[in-house]
Amino acid sequence: MLTRKHESSILNLLSNRVITQLTTHEHQIKRNTVPLHNPKPHTVTFTRTTEQDSHYDHLEKMTTTELLSNINIEDKTVPNAVEKVIPHIEKLVDVIVSKLEKGGRLFYMGAGTSGRLGVVDASECPPTFGVSPETVIGIIAGGDEAIRNAVEFAEDSKNQGWEDLSSHNVSEKDVVIGIAASGTTPYVISALKKCNEKNIITGCITCNEGSPLALTAVYPIVPVVGPEFVTGSSRMKAGTAQKLILNMISTATMIKLGHIKGNKMVDMQLSNEKLVKRGTNMIMTSLNIPEKEANTLLLTYGSVRKAIHEYHAHK
């Protein structure tokens, strides 16, 4: 009879499967360090830490308090994992800013949870920063239907990712970030490989060091969060890490592009009463004028930035 220790060892051996990745020669080509001779290729391996056995067992026997507390304990480790990759996030943000300043666009692409997170971050940029919906674009395997419902095998296609990017006329002016917790999603990896061939800047967010995706992207971001509370449920810690990094990328990019003044969203879209009220308060504080006058300025010019600019222009 197998003991718990033996069962855990077997599960870890299964989850730590060896994945054939880029050969050494291919990796050297990607990093522009091709040797003069032609070495014999050999495989590189990696461990899927996102699929390793949970640190916890018998979850069904835990009380509600125990479940919530233990999930919280695991979640607390995520910001530390993100902190370690800030230098890599910085490099990618600076490249994105340089491309967007010249009229380029930012693409996120992924499948399942990863794809949904990219779509969420992209969709929040227009109302928050006042940019065009075409500035940051989220693409998910399986199309919009996959935002709400799982589309079977959509992530396994090696052609659809590039086809989806091509429908947006992606070019060297743009940046494409692949998002995949495992780092093994064919839909994403194949699309980034095609981008590399066409000199389109590529980045990625994955939670497994040395994964095929991490080795494909020119600017890889790899927060290693370790095993999930529920074994293999990468929507948990891995998804949280991805969301934090997406927040950092889009927010830092938009600040550097000038869409924040001081600490205020001066270009936000006035899409509801709450935001109209917030905008009115910004103008009142900035110009030291009554609420009614500030509200009139805001509704007349349509944004906090324009209202303040026009006020000064007519003084």
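A crossing of two helices is left-handed if the near helix is turned anticlockwise from the far one by less than a right angle, and right-handed if clockwise. By this criterion the crossing of helix 12 and helix 13 (residues 291-301) is right-handed. The structure is a predicted model, in which local features need pLDDT of at least 70 and side-chain atom pairs count only at pLDDT 80 or more, whereas totals for chains, interfaces and linings use all residues. Residues are numbered from 1 along each chain as its sequence is written, and side-chain values use heavy atoms, with hydrogens and water left out.

Helices are DSSP runs (H or I, at least four residues), numbered from the N terminus. The axes of helix 12 and helix 13 come within 8 Å and cross at roughly 115 degrees; axes are lines fitted to C-alpha atoms over the stretch in contact, and angles run from 0 to 180 degrees between N-to-C directions. In contact (heavy atoms within 4.5 Å), Val-276, Lys-277, Gly-279, Thr-280, Ile-283, Met-284 and Leu-287 of helix 12 meet Glu-291, Ala-294, Asn-295, Leu-297, Leu-298 and Leu-299 of helix 13. This contact comprises eight nonpolar, three polar and two charged residues, where Ala, Val, Leu, Ile, Met, Phe, Trp, Tyr, Cys and Pro count as nonpolar, Asp, Glu, Lys and Arg as charged, and the others, Gly among them, as polar.

Helix 12 (residues 273-287) also packs against helix 14 (residues 304-313), with axes that come within 10 Å and cross at roughly 30 degrees. This crossing is likewise right-handed. Gly-279, Met-282, Ile-283, Ser-286 and Leu-287 of helix 12 meet Val-304, Ala-307, Ile-308, Tyr-311 and His-312 of helix 14; seven of these residues are nonpolar, three are polar and none is charged.

The axes of helix 5 (residues 86-101) and helix 11 come within 9 Å and cross at roughly 45 degrees. The two helices are therefore oblique to each other (angles under 35 degrees count as roughly parallel, over 145 as roughly antiparallel, 65 to 115 as roughly perpendicular and the rest as oblique). The contact of helix 5 with helix 11 has twelve nonpolar, one polar and two charged residues.

The largest pocket has a volume of about 460 Å³. On a 1 Å grid over the protein atoms alone, a pocket is an open set of points where a 1.4 Å probe fits, with protein on both sides within 12 Å along at least five of seven lines, and lining residues have an atom within 4 Å of a point. Grid points are joined across faces, edges and corners, and the volume is the space filled by probe spheres set on the points. Of the 25 lining residues, Ala-111, Gly-112, Thr-113, Glu-155 and Thr-185 are the closest to the pocket centre. Helix 6 (112-129) supplies the largest share of the lining, four residues.
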